[in-house]
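Hi,

Here is the structure I promised to pass on. Have a look first, and my notes follow below.

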Amino acid sequence: MVIRENRRLHGYRQISLYSVVLLSFWTNAFAHLRYSVSEESIPGTIIGNVMKDLGLDVRNVEARGFRVISGSKQQLLQVNLKTGDLLVKERIDREMLCDRDQACFTSIKVAMENPLEIHQAEIEIIDINDNSPAFQSKQKTLEILELTQIGSRFPLEGAFDPDSGVNSLKFYQVSQNDYFILEVKEGSQKNKIPVLVLQKALDRELKPKFEFLLTAVDGGNPPRSGDMNITIIVSDVNDNAPVFVEEIYFVTLEENVPLGTLILKVNATDLDKGSNGDVVYSFEESAGNKIKELFELDSYTGEIKVKGLIDFEQKKVYEIEVKATDKGHVPMSSHCTVVIKIKDVNDNAPVIEVPSLTSAVFEDVKPGTVVGLISITDVDSGVNSKIACTTSVTLPFELKPSLQENLYSLTTKARLDRELASQYNITITAKDFGHPSLSSFETVLVNVLDVNDNPPRFSKDFYVFYVEENNTPGTPVLEVSAVDADTNENAVITYYLRENEATENPVVPFLTISSDNGQVFSFITFDFEELKSFKFVVVAKDSGMPSLSSSVTVTVLILDKNDNPPVVVFPSVTNGTAVVEETIARNVKAGYLVTKIRAYDADVGYNAWLSFSLEDATDLSLFRVGHYTGEIRTLRAMTESDVTAHKLLIVVKDNGIVSFSASAKVIVTVAEHTEAHAFSEVKSSPAQNEPENNITYYLIIVLSSVSSLFLISITTVIAIKCHRIYENFKNKNYLSDTNYGEVSGSLFHNQQYQTAEKRLIFVGPEVNRDSVVDVGSNANTLVISDSGIKIQQMVSYC
């Protein structure tokens with residue numbers, strides 16, 4: 001630039017020199033000088049030498065009052081008065097002084113006196129390319145509709161270059177793009193106006209904005225340029241319908257999910273913007289009410305949620321048409337399909353149905369008999385519908401699968417016994433293989449019909465009854481009972497009597513039995529003293545077809561009652577009164593045995609246990625009687641004052657509940673010493689009294705031993721019976737193998753039927769072994785051969 005400017009200045013100087021030469025030929029006082037200088041020359045730059053060009057002598061200038069008069073307010077130029085050089089005083093900007101399209105001059109006047117001379121010098125300001133084209137705005141934004149036609153023109157603001165001539169604005173250029181080209185239009189003031197021309201259709205959705213650079217270039221050398229950034233925004237037009245991300249959405253949804261569960265979110269985009277690109281979602285009008293009841297669609301977010309109960313068993317797949325619509329002035333829409341596949345959940349338990357069932361079967365049916373058909377369904381699918389069906393293994397029934405799936409036959413697997421179970425509640429369990437598994441239960445009732453396969457059974461294997469004598473004829477004396485495990489007519493029992501073949505004397509003729517309840521009646525009154533026991537057989541027969549029967553042996557033991565009074569056998573009875581006369585010496589000592597009262601009772605046990613008492617006496621202080629022996633002895637020695645004749649009243653009582661008694665009179669005569677001596681020696685020998693007293697004690701010991709033995713036997717029998725009942729209970733035997741006879745009555749009633757041949761002998765003090773009377777000859781011995789019991793009762797005589 002500096003070299004180029006110097007060359008330009010050199011040319012201007014040459015021109016100035018030529019001008020001076022021409023002016024030098026002027027002869028008049030007014031001279032016109034012309035110079036040129038480039039703008040932006042630095043201060044001090046020599047434009048020319050005015051004095052030389054005017055032909056003046058520098059030495060005379062000061063004397064003539066040389067002065068320079070500027071033609072403008074600004075002192076841009078000055079003249080060196082010593083040398084006459086015209087210099088640049090201040091920076092010269094041509095664009096500040098002159099218009100762009102005109103030549104730019106500034107002038108000065110040189111005045112001198114003596115003689116007065118005025119000279120004018122014009123200095124032309126030469127333009128240099130010191131300004132670049134400039135746009136008023138560095139940024140320009142245009143908004144163009146995307147449907148604008150090709151060829152449309154868009155004038156832009158032109159650039160301004162204050163330089164002139166060749167340095168002024170020459171052309172525009174725009175950065176490379178495929179949509180716009182640049183044309184330049186001449187303005188009214190010869191301004192160059194850039195115009196953008198659309199040469200390709202716009203599509204906001206492809207390119208919503210263009211940015212490029214518009215450059216203005218001048219003609220300087222080198223050229224200078226200015227830029228303006230142009231932004232073209234393509235305005236939207238609703239020319240695009242919403243587009244779904246997917247045309248078909250596939251989603252799997254479990255049934256029974258909670259309400260409000262998010263299924264999926266459909267998404268449609270609209271390439272337009274603003275309201276033209278705002279999308280709302282809705283179900284297609286063709287969607288049924290069922291779809292709208294089960295699902296809800298958020299119109300703004302596109303979220304599809306569960307609204308109702310989803311049931312796989314009602315429908316397995318839902319196809320929903322969803323529409324997306326924009327909010328343009330003329331709305332546009334598109335569609336997608338949402339396929340919702342429902343996934344089965346094991347939410348249905350198996351359903352058990354019994355299409356066929358035999359409600360009752362006979363107990364004698366064979367194993368494998370079909371009782372019913374069981375159908376099981378599960379509306380779930382896959383593994384959730386696979387079923388296992390079972391029933392209790394403890395029951396005599398089983399389920400067998402058939403050829404058809406989930407169809408079972410209920411059959412017997414063992415023999416039935418109505419007496420063990422008359423009906424069965426069969427619980428059928430159906431369980432699927434889902435996770436978690438579900439199961440259901442159904443109970444069917446099967447009744448077992450009776451078959452006459454059980455004979456009547458008596459409650460005991462044998463019966464032993466104790467019947468008191470003197471019973472009332474025609475009243476029940478005992479009762480047997482039998483049960484039949486069968487039912488209805490098979491369990492209706494009829495009783496009848498059958499003579500026991502082992503019985504010597506027939507007893508059935510004086511007995512009868514109620515066929516309905518097993519009560520046995522007697523037509524006669526039993527007398528223990530004549531009949532101690534008897535036995536017979538009771539037969540129980542059911543009413544089945546064919547009928548079954550069983551029998552039991554009944555042993556009846558007659559129990560004694562106190563129906564016989566004591567009988568005094570000594571002294572003998574005369575005219576209904578027993579009287580004995582005894583003589584004793586006056587000198588007998590205390591304890592002297594006077595006599596002994598002997599008596600017996602036809603009854604047994606306590607009823608035959610006799611006791612003696614002194615009811616009345618002439619002198620109660622002289623005699624006593626043995627309570628159980630009947631011995632009459634002296635209480636003290638006699639004195640001379642005692643009377644010689646004494647009357648004693650002895651009363652004999654049995655030990656029955658209602659006691660019977662008898663009496664005897666004893667007359668005791670007291671003799672002198674010599675008369676009674678011989679008799680006393682014989683009767684009152686102390687050696688003889690001792691054995692008699694011992695026998696009485698032995699009798700008491702024997703009775704106690706028998707009683708103890710009886711108690712031990714009863715205890716043993718009860719223990720054995722309890723043990724066998726326990727064993728039978730464990731073995732579920734409802735009837736024991738061994739039943740023992742009932743034990744009733746008092747101690748001595750039982751005592752009379754003990755085992756082993758016990759002979760109880762009541763003897764008086766003067767009865768020796770040879771004088772013992774066997775009461776068996778008086779029909780008081782009872783023998784029961786079948787039970788091994790032999791009873792023998794002995795009655796003592798006093």
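A word on terms before the sheets: I call two strands paired if DSSP finds at least two bridges between them. Helices (H or I, at least four residues) and strands (E, at least two) are DSSP runs, numbered from the N terminus. Please keep in mind that this is a predicted model, where local features need pLDDT of at least 70, side-chain atom pairs count only at pLDDT 80 or more, and totals for chains, interfaces and linings use all residues. Residues are numbered from 1 along each chain as its sequence is written, and side-chain values use heavy atoms, with hydrogens and water left out.

The overall picture

The protein chain has eight helices and 54 strands. Of its 798 residues, 43% are buried; buried means under 20% relative accessible area, exposed over 50%, and partly exposed in between (1.4 Å probe, protein chains only). A contact is a pair with heavy atoms within 4.5 Å. Among contacts between residues at least 6 apart in sequence, 68% join residues at least 24 apart.

Three bridges join β19 to β23 (residues 303-306), and Lys265 stands opposite Glu303 in β23.

Leaving out residues up to four places away in sequence, Ile340 touches Val251, Leu253, Ile263, Phe295, Lys316, Val317, Tyr318 and Ile320.

Strand β16 and its two partners

Next, look at β16 (residues 225-235). It runs parallel to β9 (residues 139-145), and seven bridges join the two; Glu143 in that pairing stands opposite Ile233 in β16. With β15 (residues 209-218), β16 runs antiparallel through nine bridges, and Glu211 stands opposite Thr231. β15 and β16 form a hairpin with six residues between them.

A five-stranded sheet

Further along there is an open sheet of five strands in the order β44-β45-β52-β51-β48, with mixed pairing. β44 (573-574) and β48 (611-617) stand at the edges with a single partner strand each, so one side of each is left without a neighbour in the sheet. Eight bridges join β52 to β45 (residues 577-585) in parallel, with Val579 opposite Lys665. Nine bridges join β52 to β51 (residues 645-653), and that pair runs antiparallel. In β52, Ile667 stands opposite Lys647, and Ala664 is the bridge partner of Ile650.

Aromatic rings

Rings of Phe, Tyr and Trp (its six-membered ring) pair if their centres lie within 6.5 Å; planes under 30 degrees apart count as stacked, over 60 as edge-to-face and the rest as tilted. The count by this rule comes to 16 aromatic pairs. One of them is Phe180 with Phe212, a tilted pair at 6.1 Å centre to centre and 45 degrees between the planes. This pair links distant parts of the chain, with Phe180 in β13 (residues 180-186) and Phe212 in β15, 32 residues apart. Phe180 is buried at 2% relative accessibility, and Phe212 is buried at 6%. The rings of Phe534 and Phe536 have centres 6.2 Å apart and planes at 25 degrees, so that pair is stacked. Both are buried: Phe534 has a relative accessible area of 7%, and Phe536 of 0%. Tyr179, Phe180, Phe210 and Phe212 form one aromatic cluster.

Finally, charges over rings, which I count if NZ of Lys or CZ of Arg is within 6 Å of the ring centre and within 35 degrees of the ring normal. The charged end of Lys532 sits over the ring of Phe528, 4.6 Å from its centre. Arg598 lies over the face of Phe570, at 5.1 Å from the ring centre.

Best wishes
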